[in-house]
Amino acid sequence: MATAVGNRVALSWEAVTGAQGYEIYEGIAIEGKISYTKAADIRQCSKVFVRNAAGTTYYYYVRAYTKKAGQSRSCLLYTSDAADDSLR
């Protein structure tokens, strides 16, 4: 879930059993396409971002991950833009 108040964006989600961490990606629209970059790699189930670019829409997605024997697995937990097919 994402909540925006002023220049703060708070993200939170339910814990995933067995997850070792969560990757948060943040995106902005550039020429009609959302471009994402990794914004955080955390262990807790919430994160607050402070953004000062007035009038900019930010998009987020969160992936839970686990790493075993040199392999990494992940699953999409949350996206702020359900219409973005590049996340599937």
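1. Contact here means heavy atoms within 4.5 Å. By that criterion, and leaving aside neighbours within four places in sequence, Glu26 is in contact with Ser35, Tyr36, Thr37, Ala39, Arg51, Tyr58, Tyr59 and Tyr60.

2. On the basis of the model: it is predicted, with local features needing pLDDT of at least 70 and side-chain atom pairs counting only at pLDDT 80 or more, while totals for chains, interfaces and linings use all residues. Residues are numbered from 1 along each chain as its sequence is written, and side-chain values use heavy atoms, with hydrogens and water left out.

3. Glu26 is found in strand β3 (residues 21-30); strands are DSSP runs of E, at least two residues, numbered from the N terminus. Glu26 is buried, at a relative accessible area of 13%, where buried means under 20% relative accessible area, exposed over 50% and partly exposed in between (1.4 Å probe, protein chains only). Its side chain joins that of Arg51 in a polar contact of 2.7 Å. A polar contact is a pair of N or O atoms within 3.5 Å; within protein, one must be able to donate a hydrogen and the other to accept it, and residues adjacent in sequence count only if both atoms are side-chain atoms.

4. Strands β1 (residues 2-5) and β2 (residues 8-12) pair in the antiparallel sense over four bridges; pairing requires that DSSP finds at least two bridges between two strands. Across this pair, Ala2 stands opposite Leu11 and Thr3 stands opposite Ala10. The two strands form a hairpin with two residues between them, and Gly6 in the turn has a positive phi of about 60 degrees.

5. The largest nonpolar core has eleven residues: Val9, Leu11, Trp13, Tyr22, Ile24, Ala40, Ile42, Phe49, Tyr60, Val62 and Ala64. A nonpolar core is a set of buried Ala, Val, Leu, Ile, Met, Phe, Trp, Tyr and Cys residues joined through side-chain atoms within 4.5 Å. At least two core residues come from each of β2, β3, β4 (33-42) and β6 (58-68), and β6 gives the most, with three. Apart from this core lies another, of five residues, among them Tyr25, Tyr36, Tyr59 and Tyr61.
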